Each structure stands twice: as structure tokens, then as C-alpha cells.
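Please look through the sequence and the model shown here.

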Amino acid sequence: MLALLMATSFQAQAADDVIKTVYHMSEGIPQASRAMANIRNHLAADPKAKIVVVAHGLGIDFLLQNATNQMDQPFAGAIADLANQGVEFRVCNNTLTSRKIDPNRVVMEAKIVPSGVAEVARLQAREGYVYLRP
């Protein structure tokens, strides 16, 4: 009886588990283009996934207003679509400061965090996020 109760409890817990993933962005526009496609595919395969994109260094460029990919297509629509699906975008304030970028240039869907690398570490260590680097 105890084994049956434990098995039922485990199955119920597993059914409710959401896989949390942090996408680490630091390489610029080509990486962002790959990541956006990866995230769309990720959500198509697992619509319940909890995804946070953390950007620092050149990785923030796609999260600046009027940013475009290598084919001059704006990122804005894709960012808005993913945000509407629950994807969170976070931008490193250290990068903004060191690159002298006005925080007002960051797209409205993104939240500014003190440190991108510290945010990636925190999500992994304290919140159990799986790490992906597209």
C-alpha cells in the first residue's frame, strides 16, 4: 500500500513538474538568431517550459530597440511573441554601464538585472534552471 501511495505521489509530482531553462546569451546577433529559433522549437516541443534568457556583453544587442538580425529583420516581433508565451528576458546592467548604453534603449519586454553572469549562476544554483548556450 505504501509503495502504491508513493508511486502515485511521484507520478502526480512528475506530471506537474515544469522544466526551467536559462538561455545564456553573450555572443551577439548570430547567437541571438539561433537562440530565438531554439526557443520557438523548445516551446513547440514543451509548451509548459519556463524559459529565461539572460544576456550580457554582445549578447544584449538583440534586446536593444530597433535591433535586427543578419537579414535586417527586426527582433521586436519575435521577442514580443516569446514574451507573450511566458519567456522572460534579462539584460545585464554591468554591460549597459561598461558599454555606455542608455537603459531606455532596452526593449520593454526585458528586465535589467545587476549582473548577467550572476543571474545565470543564481538561476542555476538557487532556482534549479537547466543551462543552455545556443
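The model is predicted. Its secondary structure consists of 5 helices and 5 strands, and along the sequence these follow the pattern α-β-α-β-α-β-α-β-α-β. Of the 134 residues in the protein, 39% are buried. Taking the contacts between residues at least 6 apart in sequence, 72% join residues at least 24 apart. The protein exposes about 7,700 Å², with carbon and sulfur atoms supplying 57% of that area.

Helix H5 covers residues 116–127. With 12 residues at 1.5 Å a residue, H5 should span 16 Å, and this agrees with the 15 Å between its end C-alpha atoms. Just after the helix comes Gly128, with a positive phi of about 70°.

Which residues of H5 are buried? They are Gly116, Glu119, Val120 and Leu123. Viewed down the axis of H5, these buried residues fall within an arc of 100°, so they line one face of the helix. The spacing follows from helix geometry: an α-helix has 3.6 residues a turn, so residues three or four places apart point the same way. On the other side of H5, Ala125 and Arg126 are exposed.

The cover over the buried residues of H5 includes strands S1 (20–25), S2 (50–55), S3 (88–92), S4 (110–113) and S5 (130–132).

Note on methods. Residues numbered from 1 in each chain as written. Predicted model: local features only at pLDDT ≥ 70, side-chain atom pairs only at ≥ 80, totals over all residues. Heavy atoms only, no water. Helix = DSSP H or I, 4+ residues; strand = E, 2+ residues; numbered from the N terminus. Expected span 1.5 Å × (residues − 1). Buried < 20%, exposed > 50% of the residue type's maximum accessible area, 1.4 Å probe, protein only. Arc of directions from axis to C-beta. Contact = heavy atoms within 4.5 Å. Areas by Shrake-Rupley, 256 points an atom, 1.4 Å probe, with all protein chains shown as cover.
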